Amino acid sequence: MDKINYFQKEIEPTLLQIAATTAGNSSFEQEWLVHHLNKTPQWQHVLKNLPLLSLHTLADIGQNQPINGTELTTHLQVSKGAISKTVTKLIKYELITRFQRTDNRKEVYYSLTTKGQQLNRAHQQLHNELNVKMQRLLVNYNQAELALIAKFVKQIQALHAENFN
């Protein structure tokens, strides 16, 4: 089998499957979180209505609180509009609070509520478990093999970006 056929039969379907799984990652994370937050209707409702960006915004707030919207846009590499919409939703579900410091009344800051801390801890637990599984996989490869894989995947991404953007 020549290289292009091998790529199309053995590698490309796996890459597409990874992309599809990653794009649908929000529902996987939501299901895991509902299961680990006692499956209460309250959490089911909240998580059903929180996109993946909301979970990552919550995590960034938890790591860097108090934090303002500008810092969130920089850390998460999304627009101010996306952050504004996301924090509005997180406030609505009482996961974060919005406040102004006494020394800077102009700037709005965010921090986690108790409920937000609970969700953030569960989300971090999920990522910790995924990291342990990834570590188990990575021990099968040396640094040179990982560098080669990274180079290959980046070149595929660049090819797609060149052709589809």
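This is a predicted model: local features need pLDDT of at least 70, side-chain atom pairs count only at pLDDT 80 or more; totals for chains, interfaces and linings use all residues.
Trainee: Which residues of H4 and H6 make the contact?

Mentor: On the H4 side you'll find Leu-53, Ser-54, Thr-57 and Leu-58. H6 brings Ala-82, Ile-83, Thr-86, Val-87, Lys-89 and Leu-90. Sorted by class, the contact of H4 with H6 has six nonpolar, three polar and one charged residues.

Trainee: Let me try another pair. At what angle do the axes of H3 and H7 cross?

Mentor: Helix H3 (residues 41-48) and helix H7 (residues 114-138) have axes that cross at roughly 75 degrees and come within 13 Å. That makes H3 roughly perpendicular to H7. Gln-42, Trp-43, Val-46 and Leu-47 of H3 make the contact with Lys-115, Gln-118 and Leu-119 of H7. By class, this contact has four nonpolar, two polar and one charged residues.

Trainee: Now single residues. Is Asp-60 buried or exposed?

Mentor: For this you look at relative accessibility, and under 20% means buried. Asp-60 has 8% relative accessibility, so Asp-60 counts as buried. You'll find Asp-60 in helix H4 (residues 52-64).

Trainee: What does Asp-60 touch, leaving aside neighbours within four places in sequence?

Mentor: Asp-60 is in contact with Ile-67, Leu-72, His-75 and Leu-76. Have a look at His-75 in particular: its side chain and that of Asp-60 are joined by a polar contact of 2.9 Å.

Trainee: Okay, on to strands. In what order do the three strands lie in the sheet?

Mentor: First the general idea: strands of a sheet pair through backbone hydrogen bonds, either parallel or antiparallel. In this model, three strands form an open sheet in the order S1-S3-S2, with antiparallel pairing. Strand S1 (67-68) and S2 stand at the edges with a single partner strand each, so one side of each has no neighbour in the sheet.

Trainee: How many bridges link S2 and S3?

Mentor: Strand S2 (residues 96-101) pairs with strand S3 (residues 104-112) over five bridges, in the antiparallel sense. A hairpin of two residues joins S2 to S3. You can trace the pairing residue by residue: Thr-97 stands opposite Ser-111 in S3, and Phe-99 has Tyr-109 as its bridge partner in S3.

Trainee: Which residues of S3 stand opposite Ile-67 and Asn-68?

Mentor: S1 and S3 pair in the antiparallel sense over two bridges. Ile-67 stands opposite Tyr-110, while the bridge partner of Asn-68 is Tyr-109. Notice that Tyr-109 is a bridge partner of Asn-68 and of Phe-99.

Trainee: How far apart in space are Asp-60 and Thr-97?

Mentor: To read this, compare the gap along the chain with the gap in space. Asp-60 and Thr-97 are 37 residues apart in sequence, and their C-alpha to C-alpha distance is 14 Å.

Methods: Residues are numbered from 1 along each chain as its sequence is written. Side-chain values use heavy atoms; hydrogens and water are left out. Axes are lines fitted to C-alpha atoms, for helices over the stretch in contact, and angles run from 0 to 180 degrees between N-to-C directions. Helices (H or I, at least four residues) and strands (E, at least two) are DSSP runs, numbered from the N terminus. Angles under 35 degrees count as roughly parallel, over 145 as roughly antiparallel, 65 to 115 as roughly perpendicular and the rest as oblique. Contact means heavy atoms within 4.5 Å. Ala, Val, Leu, Ile, Met, Phe, Trp, Tyr, Cys and Pro count as nonpolar, Asp, Glu, Lys and Arg as charged, and the others, Gly among them, as polar. Buried means under 20% relative accessible area, exposed over 50%, partly exposed in between (1.4 Å probe, protein chains only). A polar contact is a pair of N or O atoms within 3.5 Å; within protein, one must be able to donate a hydrogen and the other to accept it, and residues adjacent in sequence count only if both atoms are side-chain atoms. Two strands pair if DSSP finds at least two bridges between them.
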